[in-house]
Amino acid sequence: MYASGRNELGDGMRKVLITVLGIVIILIFIITYYTLHGREIRQTELNNAVVSSMQSAMEMLLVEEGMPQTEDEWIQMFLQSLAVQIDSVSELTVRILEADMEKGLLSVEAILTFPHPLGKTGSVSCYRTVILESYSVMNKQQSGLQISA
């Protein structure tokens, strides 16, 4: 009888150990999923925000009212538009590679740094160049925006 009692105790401990290990494995999968999915969400958020802000910046060149007077104003308007569109808790770094109002050219690099669920930091980046192909404010011709990665 003593041997069978010991055996029951060992079976109980084995069940507890298997349950705890199962929970730990499930938690690792959940954390991995949120880490990978969070990175994908932030990459999409950054890409959409940069493209939308660049289009807004180019559209500013087409309208006489409120048109920026200098390239610094134009870049500032682009940066404000971009900052408003980033919703996640993160740090945004933007590097203006080239900006030319006369040619309708804007090229930027944006880097979004964010915390992962376990505390490490991750980052995603986006390089975009937009070229305003043709425009005429006086004739109100249609304009085309060309965005490349």
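These legends describe close-up views of one protein chain in a predicted model. Local features need pLDDT of at least 70 and side-chain atom pairs count only at pLDDT 80 or more, while totals for chains, interfaces and linings use all residues. Residues are numbered from 1 along each chain as its sequence is written, and side-chain values use heavy atoms, with hydrogens and water left out.

**View 1. The protein chain holds 2 helices and 4 strands.**
From the N terminus, the order of elements is α-α-β-β-β-β. Helices (H or I, at least four residues) and strands (E, at least two) are DSSP runs, numbered from the N terminus. The chain has 149 residues, and 27% of them count as buried. Buried means under 20% relative accessible area, exposed over 50%, and partly exposed in between (1.4 Å probe, protein chains only). Accessible areas come from the Shrake-Rupley method with a 1.4 Å probe; for residues, only the protein chains shown count as cover. Contact means heavy atoms within 4.5 Å. Take the contacts between residues at least 6 apart in sequence: 51% join residues at least 24 apart.

**View 2. A nonpolar patch lies on the surface.**
Its members are Ile23, Ile26, Leu27, Ile30, Tyr33 and Tyr34. Together they have about 620 Å² of accessible area. Patches are made of residues with over 30% relative accessible area and no salt bridge; like charges are joined within 9 Å, nonpolar side chains (Val, Leu, Ile, Met, Phe, Trp, Tyr) within 5 Å. Tyrosine 34 sits in helix H1, residues 2-62.

**View 3. Tyrosine 33 and tyrosine 34 form an edge-to-face aromatic pair.**
The ring centres are 5.5 Å apart, with 70 degrees between the planes. The count of aromatic pairs comes to 1. Rings of Phe, Tyr and Trp (its six-membered ring) pair if their centres lie within 6.5 Å; planes under 30 degrees apart count as stacked, over 60 as edge-to-face and the rest as tilted. Tyrosine 33 is partly exposed at 49% relative accessibility. Tyrosine 34 counts as exposed, at 51%.

**View 4. Arginine 42 is buried yet has no salt bridge.**
This residue belongs to helix H1. Glutamate 45 is the nearest side chain of opposite charge, 5.4 Å away. Lys and Arg count as positive and Asp and Glu as negative; His and the chain ends are not counted. Leaving out residues up to four places away in sequence, arginine 42 touches Ser88, Val89, Leu112, Phe114 and Val124. The C-alpha atoms of arginine 42 and isoleucine 86 are separated by 9.0 Å, although the two are 44 residues apart along the chain.

**View 5. Arginine 95 and glutamate 109 meet in a salt bridge.**
The N to O distance is 2.8 Å. Arginine 95 lies in strand S1 (residues 91-100) and glutamate 109 in strand S2 (residues 105-115), so the pair ties together parts that are 14 residues apart in sequence. A salt bridge is a side-chain nitrogen of Lys or Arg within 4 Å of a carboxyl oxygen of Asp or Glu. By this rule the count is 1. Arginine 95 is partly exposed at 47% relative accessible area, whereas glutamate 109 is buried at 9%.

**View 6. Leucine 118 is placed in the loop between S2 and strand S3 (121-132).**
Leucine 118 counts as exposed, at 68% relative accessibility. Its C-alpha atom is separated by 7.9 Å from that of isoleucine 31. Along the chain, leucine 118 and isoleucine 31 are 87 residues apart.
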